[in-house]
Amino acid sequence: MELEHTVHPDIKKYHKSYSTSPKDLRVARAQGKQACAVCGKLEYELRRCGKCKHASYCSKECQKADWPTHKFACNAADSGVNMTKIAQTLNASTFLNMQLQGAFIAAFDLLRDPRLDRLFAARVDIGVEPTDLITFIKIYRGGPPAEKGEGMVQVNAFTPLPEPWITERAAQVWRSARESATSAGLATSPVGLVVLSKASALVQIFPIIVFPQMMNIMRNSPTFQRVSSLTGITTKVPVDVASLMEMINKHIRADDKNKLSLRTEMTPEDVQIIRDAASGNVLATRSADWPTIAPPPQLAATILKEKIARESMYQVTIMLR
């Protein structure tokens, strides 16, 4: 049995037309501030945990204070992703950042109520999948993964967080970002928080400014056109959270030169999450408010299963031979 799939023949041309240049990505990453994992202070350069390389701190005091909690996530951390770099890329890439802005506008109805004086946050769950869709399907069906399979970061879910979740650290990050945006002449631009999470063990928080240009795009263009690579049929798709997350994932998938630095080697944990999603080892329901230290092991598989059912990229043509 063989698996075949197809993508739009002009995907590389489209990808290049709206990609941020490597030089601009480097500059934007360097200019982006990061949040201390304890106090939420925003700085251009923070010290990182020497073991897992994920948690960032503004001082030795904050790093020491965080260890009783961080040690659980630190021990669970794999070497497959760098959460700081992912957060920086989501901010630095104009296209990816615009899609995130759009998701916040849609999820929090910011066109009606921009929430200029209130903190709002969304959890963005990421995973790592094979860069080749065929390899993904083979793993999903129980086949053996390649010995050294190339993986890529994917956004599996965007979930608005309830207000009771908001911690003092998150509030401090938001206050700093709100003040910086206002000082930069963006007093009428909403500011939200992205809580970036991988399997609930690795968490990175960073602010996102929703610019007037994206507000106007969302206001004036409620749909966009999608052309099927299989049939050539053009359909109108609503510009909502699901379609914007799919746009992010397609952009990352098309980045075969890895200019976004979002490609990495697959780990056994990543492979197991795909298999759990296929086998049904998932939660019956899930909540946006998740345990900090001991998350349900099936949560990542649950979120991936929802993504597979939602995104058109997984609609492959199966050929029996």
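I looked up Gly-127 and found Gln-154 as its bridge partner in strand 7. Strands here are DSSP runs of E with at least two residues, helices are runs of H or I with at least four, and both are numbered from the N terminus. The model is predicted, so I noted its limits: local features need pLDDT of at least 70, side-chain atom pairs count only at pLDDT 80 or more, and totals for chains, interfaces and linings use all residues. Residues are numbered from 1 along each chain, and side-chain values use heavy atoms, without hydrogens and water.

Next, I checked the neighbours of strand 7. Strand 6 (residues 121-130) runs antiparallel to strand 7, with 9 bridges. Two strands pair if DSSP finds at least two bridges between them. Strand 12 (residues 263-265) also pairs with strand 7, antiparallel, over 3 bridges. There, Gly-151 faces Thr-264 of strand 12.

Is strand 7 covered or open? In strand 7 (residues 150-160), 9 of the 11 residues are buried. Buried means under 20% relative accessible area, exposed over 50%, partly exposed in between (1.4 Å probe, protein chains only).

Then I turned to rings. I found 6 aromatic pairs in the whole structure. Phe-104 and Phe-108 are stacked, because their centres lie 5.8 Å apart and their planes meet at 15°. Rings of Phe, Tyr and Trp (its six-membered ring) pair if their centres lie within 6.5 Å; planes under 30 degrees apart count as stacked, over 60 as edge-to-face, the rest as tilted. Both Phe-104 and Phe-108 are buried.
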